Amino acid sequence: MLTVERFLTCWRNTKEMPFPLGMLCQGGMVVAPTFLILLAFPLVEWEVDGRNMSYAELWSSGEGAAIAASLALVSVGAWGLAVRNRISRWLLVLSPVVPYFILVISPGAFTVSSEPIATEVIVGAVVTTIVIYVCLFHLPAVREYLDGESVGT
């Protein structure tokens, strides 16, 4: 019962967030863990860069680990933000760029289907990271929310 109460408290906290942040946080709390579960089991095929990949291809290429890392960061970051944990903002900030670091250290570094990852994609991830950083660390409404009473921990 305590788990359900904490979940409900976190969900209510998202309603105190500025509107777009609360909506995105709710999505991160539900969608990211759901996709993470789907990624862990060979239930569906995945499409990466317009190419269908089997479960084995997804994980052998390094894409599976990259996607899992990003989803885990979003999930933990969203739940952390819902309990007003200031450090969790960093997880959300890093979530767009961490997959590319993982791909660099994976066996098929920077390749999926023998094509290098486009520079525009990496630049897009960096720009997204900067936008998330500015929103989570410099918007007064977000700071006001985080200064509220910490609950759910």
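Arg-84 lies in the loop between α4 (63-82) and α5 (88-94); helices (H or I, at least four residues) and strands (E, at least two) are DSSP runs, numbered from the N terminus. The model is predicted, so local features need pLDDT of at least 70 and side-chain atom pairs count only at pLDDT 80 or more, while totals for chains, interfaces and linings use all residues. Residues are numbered from 1 along each chain as its sequence is written, and side-chain values use heavy atoms, with hydrogens and water left out.

Most residues other than glycine have a negative phi. Arg-84, although not a glycine, has a positive phi of about 65°. Arg-84 is also buried, with a relative accessible area of 10%; buried means under 20% relative accessible area, exposed over 50%, and partly exposed in between (1.4 Å probe, protein chains only).

The protein as a whole contains eight helices and four strands. From the N terminus on, these elements follow the order α-α-β-β-α-α-α-α-β-β-α-α. Of its 153 residues, 37% count as buried.

Ser-70, in helix α4, counts as buried at 17% relative accessibility. The C-alpha atoms of Ser-70 and Ile-102 are separated by 9.9 Å, and the two residues are 32 residues apart along the chain. Val-127 has its place in helix α7 (residues 119-138) and is partly exposed, with a relative accessible area of 45%. Between the C-alpha atoms of Val-127 and Val-97, which are 30 residues apart along the chain, the separation is 9.7 Å.

Ile-37, which belongs to helix α2 (residues 19-40), is exposed, with a relative accessible area of 51%. Together with Phe-41, Leu-43 and Val-44, Ile-37 makes a nonpolar surface patch of about 400 Å². Patches are made of residues with over 30% relative accessible area and no salt bridge, like charges being joined within 9 Å and nonpolar side chains (Val, Leu, Ile, Met, Phe, Trp, Tyr) within 5 Å. A salt bridge is a side-chain nitrogen of Lys or Arg within 4 Å of a carboxyl oxygen of Asp or Glu. Accessible areas come from the Shrake-Rupley method with a 1.4 Å probe, and for residues only the protein chains shown count as cover.

The description now turns to the pockets. On a 1 Å grid over the protein atoms alone, a pocket is an open set of points where a 1.4 Å probe fits, with protein on both sides within 12 Å along at least five of seven lines; lining residues have an atom within 4 Å of a point. Grid points are joined across faces, edges and corners, and a volume is the space filled by probe spheres set on the points.

The largest pocket holds about 400 Å³ of space. Its lining has 18 residues, of which Leu-21, Leu-24, Cys-25, Ile-132 and Leu-136 lie nearest the centre. Helices α2, α4 and α7 each supply at least two residues of this lining, and the largest share, seven residues, comes from α2. The lining divides into 15 nonpolar, three polar and no charged residues, where Ala, Val, Leu, Ile, Met, Phe, Trp, Tyr, Cys and Pro count as nonpolar, Asp, Glu, Lys and Arg as charged, and the others, Gly among them, as polar.

The second largest pocket holds about 290 Å³ of space. Of the 17 residues that line this second pocket, Glu-63, Ala-66, Ile-67, Pro-99 and Tyr-100 are the closest to its centre. Two or more lining residues come from each of β1 (46-48), α4 and α6 (98-105), and α4 gives the most, with six residues.
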